[in-house]
Amino acid sequence: MMMHQGLGLETFNDLPSSKAVHALYECCCSFTWASRLADARPFRSYAEMFARADAELEELSASDLDHLVSTHRPVGKTCAGMDPATQSVFIDACRMYIERFGYGYIVCSAALKGKGDDPREVLIDLGHRLDNSHETERKVMRDELAKVNRTRIERVLGPEDGWPEY
C-alpha cells in the first residue's frame, strides 16, 4: 500500500529529499532509482518527470535491476477474471517463464487494459514473450517496469490537472 498519494507535482518538488526518496521508493523499490530521481527535482511537468524516471531506470546496473525484479509479486499466483482452465495455463506459462529467464514475469496490467479488459490478453502477452531472446526479454521487462513506475508515480502525484472542484 502506498502512503504517498495525490501530492501534486509542486508539493512533491518541495518535499525534503528524504521524503521524496521515500515516496519514490514506494513506486519502484529501488533506492538508487528513487535517490537519483529525487535529486533531479524540480520537475516542470509530469512528462519531464516520467522521462527522467525512464532514463534513471535505464541506467540501473544489472544487479540493481535484478534486485528490483525480485521485489515484484509473482503475477502467476492469481489473475482476476480468468476461468480456471485459462488460469492453469497461465500459471504453467509463468513457471516456464521463470525457468527460461530466471525471474518472474512482469507486466503492467494497466497498459493491457486498453485491449478490451480481457484478462486473457496477459496470457497472450506472456506467450509472445516466452519466444524472446534473453536480451530482448530483458529490454521488454525493463519497459514494463517503466510503465509500472509511471502508474505508481501518477498515484503519488494525483491527476496532472489537479483534483476536480466539488
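Which backbone nitrogen does the side chain of serine 45 reach at 3.0 Å? The views below belong to a predicted model, in which local features need pLDDT of at least 70 and side-chain atom pairs count only at pLDDT 80 or more, while totals for chains, interfaces and linings use all residues. Residues are numbered from 1 along each chain as its sequence is written, and side-chain values use heavy atoms, with hydrogens and water left out.

**View 1. Serine 45 in the loop between helix 3 and helix 4.** Serine 45 lies between helix 3 (31-39) and helix 4 (46-59), where helices are DSSP runs (H or I, at least four residues) numbered from the N terminus. The side chain of serine 45 reaches the backbone nitrogen of glutamate 48 at 3.0 Å. With 25% relative accessibility, serine 45 counts as partly exposed (buried means under 20% relative accessible area, exposed over 50%, partly exposed in between, with a 1.4 Å probe and protein chains only). Glutamate 160 is 115 residues away from serine 45 along the chain, yet their C-alpha atoms are separated by 8.4 Å.

**View 2. Threonine 71 in the loop between helix 5 and helix 6.** A polar atom of the threonine 71 side chain lies 2.6 Å from the backbone oxygen of leucine 68. Threonine 71 is partly exposed, its relative accessible area being 33%. From C-alpha to C-alpha, threonine 71 and cysteine 28 are 8.9 Å apart in space, although 43 residues apart in sequence.

**View 3. The packing of helix 6 with helix 8.** Helix 6 (residues 84-101) and helix 8 (residues 120-129) pack at an angle of about 30 degrees, and their axes are 10 Å apart. This angle makes helix 6 roughly parallel to helix 8 (a description for angles under 35 degrees). Residues of helix 6 including Phe90, Tyr97 and Phe101 meet residues of helix 8, among them Leu123, Leu126 and Arg129, where contact means heavy atoms within 4.5 Å. The residues of this contact between helix 6 and helix 8 divide into 9 nonpolar, 1 polar and 2 charged.

**View 4. Glutamate 137 in helix 9.** Glutamate 137, placed in helix 9 (residues 134-157), is buried, with a relative accessible area of 0%. The side chains of glutamate 137 and arginine 129 are joined by a polar contact of 2.5 Å (a pair of N or O atoms within 3.5 Å; within protein, one must be able to donate a hydrogen and the other to accept it, and residues adjacent in sequence count only if both atoms are side-chain atoms). Leaving aside neighbours within four places in sequence, glutamate 137 is in contact with Tyr97, Phe101, Tyr103, Arg129 and Asn132.

Key. Axes are lines fitted to C-alpha atoms, for helices over the stretch in contact, and angles run from 0 to 180 degrees between N-to-C directions. Helices (H or I, at least four residues) and strands (E, at least two) are DSSP runs, numbered from the N terminus. Angles under 35 degrees count as roughly parallel, over 145 as roughly antiparallel, 65 to 115 as roughly perpendicular and the rest as oblique. Ala, Val, Leu, Ile, Met, Phe, Trp, Tyr, Cys and Pro count as nonpolar, Asp, Glu, Lys and Arg as charged, and the others, Gly among them, as polar.
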